[in-house]
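I opened the notebook to look up how this chain is put together.

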Amino acid sequence: EGYIFIPPGGTNQFKFTAQPDWEPTAYGDGGSGNLIVSNTSGDNFTAPSDGYYNLTANLTTMKYTITKTNWSIIGDATPGGWTTDTPMTYDEASQVWVLNVDMTTAGSFKFRANNAWVIDFGIDADGVMLYADHNVFPYTPGLLNLTVPEDGNYIIILDLHDAGNYSYSLNKQ
């Protein structure tokens, strides 16, 4: 599971590999969400458009998902409350999602994809960011919402480029 940015102007094709090379094993598109061992020839995955994608591959069930994502924050600490997402912007050079926004300590917030409760993050008691909801993984109960330490304008950064080590930062301006 991880995220990739597919820039405009390409073929939007890729493969999953078990190592940073084609050999000994690469996985391709077997159709209908099925993975196949395909190594270097054919059976490429093709993303429907450029953009930022969450990819999952289950080598036990040989199933995969490709989900385009746009990230935002939502919550009563944000300008839109719990009803309107505040969109983030992807910074291709830094490989992070960024937002400059006024926040309040009178509430909390979450990161979520596509303005829906299908892929979203909370934090555990140690402040580690984890999926609360994900279209492939089970719901994670007991996670907390995020908060800011004081009212004010923040640069919020969501970093999803290192699979399994997702993080965020809050920088008061």
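**Entry 1: pairing.** I count two strands as paired if DSSP finds at least two bridges between them. I then looked up who faces whom. F16 stands opposite Y27 in strand 4. I keep in mind that the model is a predicted one.

**Entry 2: the whole protein.** I stepped back for the totals. I found 17 strands and zero helices. The C-alpha trace spans about 55 × 35 × 25 Å along its principal axes. The protein has 173 residues, and 41% of them count as buried. I also checked contacts with a separation of 6 or more: residues 24 or more positions apart account for 53% of these. The accessible surface comes to about 8,800 Å². Carbon and sulfur atoms hold 51% of that surface.

**Entry 3: charges.** I looked up the charged groups next. The protein has 6 positive and 19 negative charges. Their mean positions are 7 Å apart. How many salt bridges does the structure hold? I listed three, and I went through them one at a time.

**Entry 4: D85 and R112.** The side chains of D85 and R112 meet in a salt bridge at 2.6 Å, N to O. D85 lies in strand 10 (residues 81-87) and R112 in strand 13 (residues 110-113), so this pair ties together parts that are 27 residues apart in sequence. Buried or exposed? I have D85 down as buried, and R112 as buried too.

**Entry 5: K110 and D120.** A salt bridge joins the side chains of K110 and D120, at 3.7 Å, N to O. The pair links distant parts of the chain, with K110 in strand 13 and D120 in strand 14, 10 residues apart. Both K110 and D120 are buried.

**Entry 6: a closer look at D120.** I wanted the surroundings of this aspartate. D120 is found in strand 14 (residues 120-123). Why does D120 count as buried? Because its relative accessibility is 0%, and the cut-off for buried is under 20%. What is D120 in contact with, leaving aside its neighbours within four places in sequence? I wrote down K110, F111 and R112, then L130, Y131, A132 and D133. K110 on that list is the salt-bridge partner from the entry above.

**Entry 7: E150 and K172.** The side chains of E150 and K172 meet in a salt bridge at 3.8 Å, N to O. E150 lies in the loop between strand 15 (129-133) and strand 16 (152-159), and K172 in strand 17 (residues 167-172), so the pair ties together parts that are 22 residues apart in sequence. I checked the exposure of each partner. E150 counts as partly exposed because its relative accessibility is 44%. K172 has 39% relative accessibility, so K172 counts as partly exposed as well.

Note on methods: Residues are numbered from 1 along each chain as its sequence is written. This is a predicted model: local features need pLDDT of at least 70, side-chain atom pairs count only at pLDDT 80 or more; totals for chains, interfaces and linings use all residues. Side-chain values use heavy atoms; hydrogens and water are left out. Helices (H or I, at least four residues) and strands (E, at least two) are DSSP runs, numbered from the N terminus. Buried means under 20% relative accessible area, exposed over 50%, partly exposed in between (1.4 Å probe, protein chains only). Contact means heavy atoms within 4.5 Å. Accessible areas come from the Shrake-Rupley method with a 1.4 Å probe; for residues, only the protein chains shown count as cover. Lys and Arg count as positive and Asp and Glu as negative; His and the chain ends are not counted. The place of a charge is taken as NZ of Lys, CZ of Arg, CG of Asp or CD of Glu. A salt bridge is a side-chain nitrogen of Lys or Arg within 4 Å of a carboxyl oxygen of Asp or Glu.
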